[in-house]
Amino acid sequence: MFTEKFLMKREPLTPVISLSIAENETADTICLLTCCSVKFGVTVLVYQLLRVQTAAGAGAGGTEPSSSRTSDAAAEPLSLCTKVAAAAPARGSRGCRQRPRRPVIEKNVDPETMLLPYLRKKLRLTGTKYGCGGGGCGACTVMISRYNPIAKKIRHYPANACLTPICSLHGAAVTTVEGIGSTKARIHPVQERIAKCHGTQCGFCTPGMVMSIYTLLRNHPEPTLDQLTDALGGNLCRCTGYRPIIDTCKTFCKTSGCCQRKENGVCCLDQGVNGVPGFEEENETSPNLFPEEEFLPLDPTQELIFPPELMVRKAELVLEELMVKCQEGYLPMDPPKADGQIMAEKQPQMTRVFSGDRMTWISPVTLKELLEAKVKYPQVPVVMGNTSVGPDMKFKGVFHPVIISPDRIEELSVVNYADNGGHIVSRHLDSDLNPLLAVGNCTLNLLSKEQIPGEVSFLATEGERQIPLNEQFLRKCPSADLKPEEILVSVNIPYSRKSKGLGALSSDQGSFDSGKSTAVIEMTHTLGGIKCHIYRHCLLMGDVHKMLVKMICWLLIKQNVGPKQLPQDPIGHPIMHLSGINHATGEAIYCDDMPAVDPELFLTFVTSSRAHAKIVSLDLSEALSLPGVVDVVTEEHLRGVNSFCFLSKPEKLLETGEVSCVGQLVCAVIADSEVQAKRAAKRVKIVYQDLEPLILTIEEAIQHNSFFEEERKLECGNVDEAFKVVDQILEGEVHVGGQEHFYMETQSMLVVPKGEDQEIDVYVSTQIPKYVQDIVASTLKLPANKVMCHVKRLGGAFGGKGIKTGIMAAVTAFAANKHGCAVRCILERGEDMLITAGRHPYLGKYKAGFMKDGRILALDVEHYGNGGATLDESLLVMETGVLKVENAYKIPNLRCRARVCRTNLPSNTALRGFGFPQAGLITESCITEVAARCGLSPEKVRTINMYSEIDQTPYKQEINAKNLIQCWKECMAKSSYSLRKAAVEKFNSENYWKKKGLAIIPLKYPIGLGAVAFAQPFSRGDESSFAFVPRVGDKHSWGKSGDLVSTPGPGIKQLSQLALGPTLLECEVRRWERWPPRLLLQPLCDSVSLDPEIETGSRQAFGAPPLFGGL
């Protein structure tokens, strides 16, 4: 190993990566070699840094016959001869053939370069997705494999590629989703099962899910369900839901399909649930949603082998390295021969140093070298998984010129590709682990250089010592903190005393002592996972009464089909998503997966940092002076086209005068690379002058009379007179908070001028391509038919890819048109959440008049929604909430008034439910309070007030509530609601601290909005210049709130089949200058009994004009 002199005083290495690719197009491996040019005049080839398994390596071309090798899936010890034999399959087989390679040299590997952009931009492996950039969503999960020469084992780790520096992967094999299977070769069982188990909807998170499951199966071919669910703990899904993903996991477990919870000791597969008999009916239903017997078998012997070249090394390369070492006084005991190979365990381990333009990365191999480096650089962070330092550098602008990475030190080895030590020392406010360790009275074992065996102590430190992990440590008090030269070696977790338990809840942690009685003798609380201190203390007040609620086993029942049903009729069948396999293999192309156009520029936005202020000055000089920066677009450039009207009020694209919220778009920086554009955006200097008033809440908006437009009102009957004849009157308020969309794919757009007839292509992830087409055409002063808006699919949207998406696309299109080349704009997660906001916070005030028997005769409701700084879609959201305020109940005298509050927050917009979740919650809260006042059960009050079979809504639409009533009765019977409720009440009476709850709520969710266009699903947007006549199994043409556009889920196929009949087998695609053609769309709406004119009449009743001037 290096001496202290060599480590601290020698010149840093200049890394070079040599990329070797197989000559033909179906390369089975891509190998990266790291070369280090040392200042002693000797060029040393260090072992392979990275191996990426590609699509062709997954099928027949990338695996070996099971008889020819032993799998490394179970991390069993492997000898050199085993690996050599595995690398040379029998003649005629389609195994890993040795192919000639051509080198591609890439110089100056920067320690700041992460694996994710390297895979996506350099190697064009776009199956690994960018979701959050901070290691929080798992969309970028890859498998990293390392060979341990001491234990002679191969271990596989899941890792977030967005936080994994390239220089930390020396000697590792990296497997991406393309490497385990593809439609061109052969898909992997994990990929097949997650698709056929309906575990994919938008598909953006699916590659990460696949890689997390695949990595676990490489280590544990027969895992338990708990292991599988734990493996998915770092993967986020926002649209599919976890039930079908867990169903996928269950197919790899040796279980019977039981949820394994056994509440009250009863298996869920027994008749009924928890001992309560179930509902019996003549036609039994089948819970089988996928043909498990048809799945490809999982054969661990057919998995990709660990690259043998990472286990053996050319001896002549080692000799060259040793020449450098000998110059520093290092003498090898047994140098290898120049014509042979040596095992990895016999290779001399050396500290590696990678230097970039701004950062140096030091990777020691022993604890001694780590402590020596800490003495030399006491303030330098020690990084293992980069899950703390990485996000700080990326999102907070923190920069470290030197980083020490001990990931190769055997004494500090970890199970996953991130470590608990860094998490503990970082002490983030949102940590869930630290509070649990703190209440457990854990201690930290620290080490400094003084305690190294054989070394002479020369530091004035305590060497090895312990400090308690307590509140003082978490607050970073100097007396309870690590010293700069110390490192955390281990954590002592003490045994608990008799009758003492340690528990962790989802929102906080608690440790308590108790005797045989129910009295609590001693209690310790430490809250984690929450940054708001007021909220933390509010939770602390009630955490004694909170217990961990077990998840309910979800059952999705397949509808039975008749014996006369045609084979091609999809009604009632659980159909796999038509793009499910492409999602699982990473071959589904999203906006940012599209290859770069030559030439191509990158655009990033500069946003306001003040909520309500006047911009005094805008200095762009420093940003424009950076190399690679092409232009900065401001409001001045957009003079005359800097606004566009969606509803009734125009909204500016860029604002350089007076900003009204944090995150408002001020200007846009265009550069030749994403990195330079973002660096330049930080150099734009803005001077503000704060303005008053600053309005943030609904209450403040009411106080200042700050609203958009006039109130919307819906009234039927005589509310004031009805209040005079009721038995009781109840008044109350309901506050509903906001919600982030957090779609997995951030706002993405690529604008490409076609160079002919002023035509321009806009590739964008949006739900309203018609709006994008119109706003781009308006900004460029072009006819709409010159703008081709392409929407292949969306990686989630939920309502958040509408108005703001159009504004950003318009600015991007302006830049592309100005410079005559393609411009790409991909928002970072933090930028996205700052600019787009989310669901509207609501304040609901209600006054209900009711009789003693629970009948509600009068209801007066006020809705206030926090619209933010601009109108966006807030008016539509409020109108929808008003139209749906009664939910499933017939209230003869009803009045609902709604106002959109104008505040200094980013503009809130559509989110799943579009106003109904807030309005429905307000109404249902009123129902619950009425039931409590009458002494009746909530379900009885709901039944009394429910619509009768033939009735009329407050907006004069006739409704047949037969299905509603039938559904309500069936749910009550099938769930054995009465028996369950009796069991819950009995349990609650016998348990003081733990309580259960049970509720059933009807739902009437009508289709349609306040305009003809929005009442038709086709107007929700696909290709703006195309109209699709749907066929069974073909593409549909509207942007659903949360998943793909171009490839439908099974529901779209079934709707098309129901509306158009089983004989429609072909798809007709027509080009239109104006989109959408109303005549083509109307028959589908009529065939499924939609009446858009009813909703239009409701909107006109509000006094509002039709949207877009009608179609």
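Biologist: Let us begin with a sheet: in what order do the 5 strands of the open sheet stand, and what is the pairing?

Modeller: Please keep in mind that this is a predicted model. In general, the strands of a sheet pair through backbone hydrogen bonds, in either a parallel or an antiparallel sense. Here the order is β27-β37-β36-β35-β28, and the pairing is mixed. The edges are β27 (707-716) and β28 (728-736); each has a single partner strand, so one side of each lacks a neighbour in the sheet. From one strand to the next, the twist averages 10 degrees.

Biologist: In which sense do β28 and β35 pair, and over how many bridges?

Modeller: β28 pairs with β35 (residues 842-850) in the antiparallel sense, over 9 bridges. Within this pair of strands, valine 736 stands opposite tyrosine 842 of β35.

Biologist: Which strands does helix α24 touch where it packs on the sheet?

Modeller: Helix α24 (residues 874-883) touches β27, β35, β36 (856-868) and β37 (893-902), and its direction makes about 165 degrees with that of β37. Helix α25 (residues 916-934) also packs on the sheet; it touches β28, β35 and β36, and its direction makes about 35 degrees with that of β35.

Biologist: Why are lysine 974 and glutamate 970 separated by about one helical turn?

Modeller: An α-helix has 3.6 residues a turn, so residues three or four places apart point the same way. Lysine 974 and glutamate 970 are 4 residues apart in helix α27 (residues 962-974), which means about one helical turn lies between them. Their side chains meet in a salt bridge of 3.9 Å, N to O. Lysine 974 is partly exposed at 38% relative accessibility, as is glutamate 970 at 32%.

Biologist: Turning to cysteines, how many disulfides does a search of the whole structure find?

Modeller: A disulfide is a covalent bond between the sulfur atoms of two cysteines. The search finds 0. The sulfur closest to that of cysteine 162 belongs to cysteine 140, 3.6 Å away, which is too far for a bond, given a cut-off of 2.5 Å. Cysteine 249 is likewise in no disulfide, with the nearest cysteine sulfur, that of cysteine 253, 6.9 Å away.

Biologist: Are cysteine 162 and cysteine 249 buried or exposed?

Modeller: Both are buried: cysteine 162 has a relative accessible area of 6%, and cysteine 249 one of 0%. Cys249 is among the buried residues of helix α8 (residues 242-250), which include Pro244, Ile245 and Ile246. The cover over the buried residues of α8 includes α5 (189-196), α6 (206-219) and α7 (225-231).

Notes:
Residues are numbered from 1 along each chain as its sequence is written. This is a predicted model: local features need pLDDT of at least 70, side-chain atom pairs count only at pLDDT 80 or more; totals for chains, interfaces and linings use all residues. Side-chain values use heavy atoms; hydrogens and water are left out. Buried means under 20% relative accessible area, exposed over 50%, partly exposed in between (1.4 Å probe, protein chains only). Two strands pair if DSSP finds at least two bridges between them. Helices (H or I, at least four residues) and strands (E, at least two) are DSSP runs, numbered from the N terminus. Axes are lines fitted to C-alpha atoms, for helices over the stretch in contact, and angles run from 0 to 180 degrees between N-to-C directions. Contact means heavy atoms within 4.5 Å. A salt bridge is a side-chain nitrogen of Lys or Arg within 4 Å of a carboxyl oxygen of Asp or Glu.
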